Amino acid sequence: MRIARFTAGEGVMFGVVEGPPGEEFVAAVAGHPFGTVQFTGERHPLADVRLVAPILPSKVIAIGKNYADHAREMGGEPPAEPVIFSKPSTSVIGPGEGIVYPGKLTERVDFEGELAVVIGRLCREVPVERATEVIFGYTCANDVTARDLQKKDGQWTRAKGFDTFCPLGPWIQTDLDPSDLAITTTVNGEIRQSARTSQLLHDIPALISYVTAVMTLIPGDVILTGTPAGVGPLGVGDEVGVGIEGIGTLSNRVVSRD
């Protein structure tokens with residue numbers, strides 16, 4: 001099931017995306033989709049609605065250096081344990097929204113395509129073997145990073161935390177085996193990253209168990225599972241797309257802050 005948040009002129013609502021490619025529509029659902037989905041009977045052609053971020057998390061927990069090749073391209077060896085950091089909820093935007101390049105503060109903004117996990121239940125100290133019970137679904141993410149600030153600061157809060165630096169979308173796929181999915185990032189149609197989620201150093205159950213040993217997660221919270229090798233810079237006007245097998249493609253254009 002593909003759960004989307006969208007606007008059709010009268011506020012933002014949740015819906016289920018259905019139909020074959022080219023004939024898709026969004027069937028609106030009442031309230032929040034966590035739990036039993038109740039359809040309202042309202043339907044809109046997908047082409048006639050504006051998709052927004054599929055979820056507004058209280059927090060985004062991200063995993064650094066979770067693909068071996070990416071760890072090495074960043075100048076180090078793969079870490080023995082997950083490296084966790086956070087992005088503020090104010091960094092979240094949806095498909096089609098602009099990634100704002102803060103040119104007065106940074107000279108290099110990078111893309112990082114990732115698989116994102118959306119949490120569906122209040123949880124803490126989740127055993128690995130029960131991790132799938134707390135997952136609502138999966139979406140595409142772009143962990144946009146001011147690379148020069150990341151290196152300058154030593155810690156990553158400023159580099160990762162700018163407004164618009166966490167695109168999510170286009171929707172949440174609730175029926176998916178995430179263990180071996182193709183993930184591809186393109187810039188202006190050119191492939192820059194290509195990998196499979198089977199290459200994750202720490203898989204999704206391990207990540208959920210590790211993160212929830214530290215903090216409580218609530219419904220709607222998001223875990224970014226890490227980016228593969230091939231990260232690189234973006235410029236104003238670039239169109240960046242993160243495509244994940246079984247989900248879809250998240251596309252955003254880079255715009256100037258000035």
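The model is predicted. Its largest nonpolar core holds 37 residues, and α4 (204-212) gives this core its largest share, four residues.

**Nonpolar cores**
- Within the largest core, Ile208, Ile223 and Ile244 have the most contacts.
- At least two residues of this core come from each of β1 (2-7), β2 (12-18), β3 (25-29), β6 (60-64), β11 (113-119), β12 (135-142), α4 (204-212) and β19 (239-244).
- Another core, of 20 residues, lies apart from the largest one and includes Phe14, Ala53, Val92 and Leu224.

**Helix α4**
- The buried residues of α4 are Ile204, Leu207, Ile208, Ser209, Val211 and Thr212.
- These buried residues pack against the strands β6, β7 (83-87), β11, β12 and β17 (222-224).
- Leaving aside residues up to four places away in sequence, Ile208 touches Val117, Ile119, Val126, Ala131, Val134, Ile135 and Ile223.
- Where α4 starts, a side-chain oxygen of Asp203 comes to within 3.0 Å of the backbone nitrogen of Ala206.

- Leu201 sits in the loop that runs between β16 (190-196) and α4.
- Leu201 counts as partly exposed because its relative accessibility is 35%, and partly exposed covers the range between under 20% (buried) and over 50% (exposed).
- Residues up to four places away in sequence aside, Leu201 touches Lys65, Asn66, Tyr67, Ala68, Pro78 and Pro79.
- Leu201 and Ala80 are 121 residues apart along the chain, and 8.9 Å separates their C-alpha atoms.

Key: Residues are numbered from 1 along each chain as its sequence is written. This is a predicted model: local features need pLDDT of at least 70, side-chain atom pairs count only at pLDDT 80 or more; totals for chains, interfaces and linings use all residues. Side-chain values use heavy atoms; hydrogens and water are left out. A nonpolar core is a set of buried Ala, Val, Leu, Ile, Met, Phe, Trp, Tyr and Cys residues joined through side-chain atoms within 4.5 Å. Buried means under 20% relative accessible area, exposed over 50%, partly exposed in between (1.4 Å probe, protein chains only). Contact means heavy atoms within 4.5 Å. A polar contact is a pair of N or O atoms within 3.5 Å; within protein, one must be able to donate a hydrogen and the other to accept it, and residues adjacent in sequence count only if both atoms are side-chain atoms.
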